[in-house]
Amino acid sequence: MSTTNENRLNEPTKRDIVVQMLSERGVELHEIADLTLFLQKPYVPELTFEICLDHIERVVMKREVQNAILTGLELDIMAEKGHLDEPLRSMLMNDYGLYGIDEVLALAIVNVYGSIGFTNFGYVDKLKPGVIKRIDEEGKAPDKCNTFLDDIVGAIAAAAASSIAHRYAK
Ligand code: MG
């Protein structure tokens, strides 16, 4: 009982930390909501931006999601600061294509919403719409590392799209 209450009290704090972290890395929740709207609008015609933002908020309240965001963004930041040893540092700074752990970590986010989350995530990863494209481009600067950020943002959008699909499926 006390543990449950404690968790409820802690949740908003950790939500605020990860939202702030995303913002410091250049991504706001409304941009992720735009991605979700793009993903799910064809299947739910009555879908609005506000509903998408509401589902993004639900996603960032989940512990697994928060932990994935904390871990991935920290690795990007440490790579930029030169706090990682080789060969990991170069792999992250150059967004080495066969590294693959950025996508694996992001799967922890979509995993929360079942198989439909995987499909949505694969689609975003392939298409790189909107903010994902911008993150990728910005990550190409020599002193910048967005290796985990693009997958995390895509996974949050995909997870929210899946949450909406479960809710509105007919
Ligand atoms: Mg990546």
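Predicted model: local features only at pLDDT ≥ 70, side-chain atom pairs only at ≥ 80, totals over all residues.
Colleague: What conventions apply to the model?
Modeller: Local features need pLDDT of at least 70 and side-chain atom pairs count only at pLDDT 80 or more, while totals for chains, interfaces and linings use all residues. Side-chain values use heavy atoms, with hydrogens and water left out, and residues are numbered from 1 along each chain as its sequence is written.

Colleague: Which residues are the protein donors of the magnesium ion?
Modeller: Donors are N, O and S atoms within 2.8 Å of the metal (3.2 Å for Na, K and Ca), and sites may look incomplete because water is not among the atoms. The protein donors lie 2.1 to 2.5 Å from the magnesium ion. In sequence they are spaced D-x44-T-x2-D-D. They are Asp 102 (OD), Thr 147 (O), Asp 150 (OD) and Asp 151 (OD).

Colleague: How many residues apart in sequence are the parts that Asp 102 and Asp 151 tie together?
Modeller: Helices are DSSP runs of H or I with at least four residues, and strands are runs of E with at least two, numbered from the N terminus. Asp 102 lies in helix H6 (residues 101-110) and Asp 151 in helix H9 (residues 149-168), so the pair ties together parts that are 49 residues apart.

Colleague: Is Asp 151 buried or exposed?
Modeller: Buried means under 20% relative accessible area, exposed over 50% and partly exposed in between, with a 1.4 Å probe and protein chains only. Asp 102, at 4%, is buried. Asp 151 has 1% relative accessibility, so Asp 151 counts as buried.

Colleague: What is the volume of the largest pocket?
Modeller: On a 1 Å grid over the protein atoms alone, a pocket is an open set of points with protein on both sides within 12 Å along at least five of seven lines, and lining residues have an atom within 4 Å of a point. Grid points are joined across faces, edges and corners, and a volume is the space filled by probe spheres set on the points. For the largest pocket this is about 240 Å³.

Colleague: Which residues are closest to the centre of the largest pocket?
Modeller: The lining has five nonpolar, six polar and 10 charged residues; Ala, Val, Leu, Ile, Met, Phe, Trp, Tyr, Cys and Pro count as nonpolar, Asp, Glu, Lys and Arg as charged, and the others, Gly among them, as polar. Of the 21 lining residues, the closest to the centre are Asp 95, Asp 102, Asp 136, Thr 147 and Asp 150.

Colleague: Which helix gives the most to the lining of the second largest pocket?
Modeller: This pocket holds about 180 Å³ of space. Its lining divides into six nonpolar, three polar and no charged residues. With four residues, the helix that gives the most is H7.

Colleague: What is the volume of the largest cavity?
Modeller: A cavity is a set of points where a 1.4 Å probe fits but cannot get out. Asp 150 and Asp 151 are among the residues that line the largest cavity. Its volume is about 40 Å³.

Colleague: How far apart are the end C-alpha atoms of helix H4?
Modeller: The expected span of a helix is 1.5 Å times one less than its number of residues. For the 19 residues of H4 (residues 63-81) this gives 27 Å, and the end C-alpha atoms agree, being apart by 27 Å.

Colleague: Which residues is Arg 15 in contact with, leaving aside its neighbours within four places in sequence?
Modeller: Arg 15 lies in helix H1 (residues 2-24) and is buried at 18%. Contact means heavy atoms within 4.5 Å. The residues in contact with Arg 15 are Leu 29, Glu 57, Val 60, Met 61 and Gln 66.
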